[in-house]
Amino acid sequence: TRFRNVTGVQTCALPIFVVLGGTVAYALSSLAVKAASRHQAALAIVLQMSMLMTVISFLPALAVWRWPSLEGWLYGALLGTLATLGWYALTRALSSADASSIAPYDFARLPLTVIPAFLLFGEIPDAFAILGSAIIFAAALYASRQEMKRERKVASAR
């Protein structure tokens, strides 16, 4: 899973590219949702995205599939419901505002993921995860404030 240059020195790990690919895919899906929201209802977009993700994840899921227990089905139903509600809320938000205006609020996923991970699984983020999260949050907050300043200037110019 590691890449090495000609001298044999380790240069980069495959998981880095997986994370970067996921980030690009998420950004592209947000842009697609924003474009689709001009012509379709939010519920229709959420249904289409859910169906698309089911098709895309089907073969990789088969490689590791095992039937869940009853508890697993219940957690899966809860997770599916909450994820669908989250996508619906994001789709509605993208239909009413620019993606750059919504992005800082999307980072609320950080604490909303860390807290249940700690409570349910005892997971504690390491220092690098906390530092990375702080950097991402600070950058999003800065970008949001810059966007608000820009919008105020445009509004006052009118």
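Ring pairs link Trp65, Trp67 and Trp73 into a cluster, where rings of Phe, Tyr and Trp (its six-membered ring) pair if their centres lie within 6.5 Å. Welcome to this predicted model, in which local features need pLDDT of at least 70, side-chain atom pairs count only at pLDDT 80 or more, and totals for chains, interfaces and linings use all residues. Residues are numbered from 1 along each chain as its sequence is written, and side-chain values use heavy atoms, leaving out hydrogens and water.

**The tryptophan cluster**

- A search of the whole structure finds 2 aromatic pairs.
- The ring centres of Trp65 and Trp67 lie 5.4 Å apart with planes at 85°, so this pair is edge-to-face (planes over 60 degrees apart; under 30 is stacked and the rest tilted).
- Trp67 and Trp73 make a tilted pair, at 6.4 Å centre to centre and 35° between the planes.
- Trp67 is exposed, with a relative accessible area of 66%, while Trp65 is partly exposed at 46% (buried means under 20%, exposed over 50%, partly exposed in between, with a 1.4 Å probe and protein chains only).
- Trp73 is partly exposed too, at 47% relative accessibility.

**Helix 1**

- The buried residues of helix 1 are Ser29, Ser30, Val33 and Lys34 (helices are DSSP runs of H or I, at least four residues, numbered from the N terminus).
- Helix 2 (42-64) and helix 3 (70-96) are among what covers these buried residues of helix 1, through contact (heavy atoms within 4.5 Å).

Definitions and conventions:
Helix = DSSP H or I, 4+ residues; strand = E, 2+ residues; numbered from the N terminus.
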